[in-house]
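Let's take a walk through the aromatic side chains of this one. Have the structure open and follow along.

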Amino acid sequence: MHNSKISGLGYYVPENIVTNDDLSEMMDTNDAWIQERTGIRERRYVVKGDGNTTATMGVKAAWIAIERAGITKDDIDFIIFATLSPDYYFPGPGVLVQKELGIKTVGALDVRNQCSGFIYAISVADQFIKTGMYRNILVIGSELHSTGLDMTTRGRAVSVIFGDGAGAAVLTREENPAKGILSTHLHSEGEYAEELALTAPGMGKRWVTDILKENDPEDISYYPYMNGQFVFKNAVVRFSEVIMEGLKQNELKPEDIGMLIPHQANLRISQFIQQKFGLSDDQVYNNIQKYGNTTAASVPIALTEAWEQRKIKEGDLVVLAAFGSGFTWGSAMIRW
């Protein structure tokens, strides 16, 4: 059985920087309130007409990852695209990436696991490579949140958190079983699905025809809803559990972690996990301060930045972990 390793990384974020002070001009909020609760100072938003969509941002990140992997687009055997904000209701962005990159008619799979989407996508890619089915898989996490948020005081508790961006990784076959992805661990708890959700338009409760017919300006079912405190409490528990699960399976301890890349949901969550595992600032990478929560893109963006800044060295144990809507959560243990 083969192993898989991350051979190339890339990310893209829009040039448009939106600060907390900028948001205070749209809604009743302020920089101190946002930083105290989330750690966020600014985020990136697309600008109408700049050509950025979830798919095109993913393509920009993908080109960088492919080049850094030392391969060409024609070496890509499969595409996995994680997002909650696809360009279209259907088809998903995976096929759009295949078209824009000019890749031959390989398979393209979309993963809809929101904040944990990239971890799930990495796990799927890892299994395909382990079985020998594929050699090089392009994995993308990309989100365009800004055009779907309630940018009024009514929606401030959610809207101040999210930003736009994309990250990509190329997973490649690795013959050394001691290198690459050691294990992945995935979980879900649908009992709490509606504690962090966007329910419309959908085929379950709020059909497009209903929304159009009622034309209710106070209808907020097509904006994200989050039970913030409940999500926070569950996140810190599940983060800890799934990281420890990975360490135990590989007979490792917290002090063996070279770099932890947590999903950038809230700086307070990351700080709690860092303290719980006794990790130093050099062992955890956070960038939510400047990008906000980019959902499925947050882990690959942070991972790419940490690698670019040489915070990850060969032989390091790199741990990826995420928790989000669903509830879904997961971790990946990687020997760099």
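Start at Phe 230, which has a relative accessible area of 26% and so counts as partly exposed, since that label covers values between 20% and 50%. Keep in mind that you're looking at a predicted model.

Now bring in the partner of Phe 230. Its ring and that of Tyr 192 have centres 4.9 Å apart with planes at 65°, so this pair is edge-to-face. The two come from distant parts of the chain, 38 residues apart: Phe 230 belongs to helix 8 (residues 228–249), while Tyr 192 sits in the loop between strand 8 (180–188) and strand 9 (196–197). Tyr 192 is partly exposed too, at 21% relative accessible area.

Step back, and the whole structure turns up nine aromatic pairs. One of them is Phe 128 with Tyr 134, again edge-to-face, with 5.2 Å from centre to centre and 70° between the planes. Phe 128 is partly exposed at 22%, whereas Tyr 134, at 17% relative accessibility, counts as buried because the cut-off for buried is under 20%.

Look at Trp 33: Arg 156 lies over its face, 5.8 Å from the ring centre.

Finish on the surface, where Tyr 89, Phe 90, Met 203 and Trp 207 make up a nonpolar patch with about 580 Å² of accessible area together.

Key: Residues are numbered from 1 along each chain as its sequence is written. This is a predicted model: local features need pLDDT of at least 70, side-chain atom pairs count only at pLDDT 80 or more; totals for chains, interfaces and linings use all residues. Side-chain values use heavy atoms; hydrogens and water are left out. Patches are made of residues with over 30% relative accessible area and no salt bridge: like charges are joined within 9 Å, nonpolar side chains (Val, Leu, Ile, Met, Phe, Trp, Tyr) within 5 Å. Accessible areas come from the Shrake-Rupley method with a 1.4 Å probe; for residues, only the protein chains shown count as cover. A salt bridge is a side-chain nitrogen of Lys or Arg within 4 Å of a carboxyl oxygen of Asp or Glu. Rings of Phe, Tyr and Trp (its six-membered ring) pair if their centres lie within 6.5 Å; planes under 30 degrees apart count as stacked, over 60 as edge-to-face and the rest as tilted. Buried means under 20% relative accessible area, exposed over 50%, partly exposed in between (1.4 Å probe, protein chains only). Helices (H or I, at least four residues) and strands (E, at least two) are DSSP runs, numbered from the N terminus. A charge sits over a ring if NZ of Lys or CZ of Arg is within 6 Å of the ring centre and within 35 degrees of the ring normal.
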